[in-house]
Amino acid sequence: FLEPMAPEKRIVFIQVRNTSDQPAFSLQAQIKEKQQQRGYRVTDDPEQANYWLQANVRKVTQDDGQYGEYALNKGFQGALTGGYIGSAFGSGDGKIGAVVAGALIGMAVEAGTSDVYYTAITDVLVSVRAREGEVLETKENQRVSMGANGSKRISSSGTTDMRQYTTRIVASANKVNLKYEEAAFTLRNGLINSISGIF
């Protein structure tokens with residue numbers, strides 16, 4: 001769970017990207033609107049915000065019904081799998097469990113039809129400003145590819161005033177002869193509700 005803040009401190013900076021190959025898969029405006037409906041003030045200045053909500057729609061694809069589970073198990077930056085936002089926020093390693101944003105919109109298999117799946121993979125980073133006077137230490141290790149056969153490990157450390165939590169949300173739509181346009185509407189709504197529901 002995110003730590004509660006007084007109403008006047010509920011200020012959130014929202015940044016939602018789409019690096020999938022579906023250019024019309026935009027979520028930011030609707031997520032901003034939902035946060036405002038919940039009593040949060042949305043700002044474009046991250047320095048003024050006590051919460052940062054950052055998300056990236058990584059992939060929107062038709063699949064065989066197995067890809068969503070694979071992506072969920074792979075997780076975002078090694079996040080634990082099988083957890084839920086409500087029970088895993090604030091775990092000791094700063095990672096939270098992956099979440100399935102289900103969008104099951106009907107199943108029936110008949111002769112001459114095909115069972116079609118679409119899946120959307122979204123990574124989410126939530127940052128929460130630390131209490132006044134609290135300093136948080138950071139450590140980061142990265143392995144960077146160097147050409148075809150080499151790699152280099154880069155380590156850094158420092159301090160920050162933001163706690164960070166990560167998760168991956170997998171939305172799945174399934175229906176006989178499902179068309180992309182119908183699936184996209186359902187997937188977008190599922191992701192908007194799941195991402196907004198973190199707050």
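## An aromatic cluster

Tyr-40, Tyr-51 and Phe-199 form one aromatic cluster. The model is predicted: local features need pLDDT of at least 70, side-chain atom pairs count only at pLDDT 80 or more, and totals for chains, interfaces and linings use all residues. Residues are numbered from 1 along each chain as its sequence is written, and side-chain values use heavy atoms, without hydrogens and water.

## The ring pairs

A pair of aromatic rings is described by the distance of the centres and the angle of the planes. Rings of Phe, Tyr and Trp (its six-membered ring) pair if their centres lie within 6.5 Å; planes under 30 degrees apart are stacked, over 60 edge-to-face, and the rest tilted. This rule gives 5 aromatic pairs.

Tyr-40 and Phe-199 have ring centres 5.5 Å apart and planes at 75°, so they pair edge-to-face. Tyr-40 sits in the loop between helix 1 (28-37) and strand 2 (41-43), Phe-199 in the segment after helix 4 (180-196), 159 residues apart. Helices (H or I, at least four residues) and strands (E, at least two) are DSSP runs, numbered from the N terminus. Both Tyr-40 and Phe-199 are buried (under 20% relative accessible area, with a 1.4 Å probe and protein chains only; exposed is over 50%, partly exposed in between).

Tyr-51 and Phe-199 have centres 5.1 Å apart and planes at 85°, so this pair is edge-to-face. Tyr-51 is buried too.

## Tyr-51 in its strand

Tyr-51 lies in strand 3 (residues 51-63). Strand 3 pairs with strand 1 (residues 11-18) in the parallel sense over 7 bridges; pairing needs at least two DSSP bridges between two strands. Here Tyr-51 is the bridge partner of Val-12.

Strand 3 and strand 5 (residues 115-129) run antiparallel, joined by 12 bridges. Val-128 in strand 5 partners Tyr-51.
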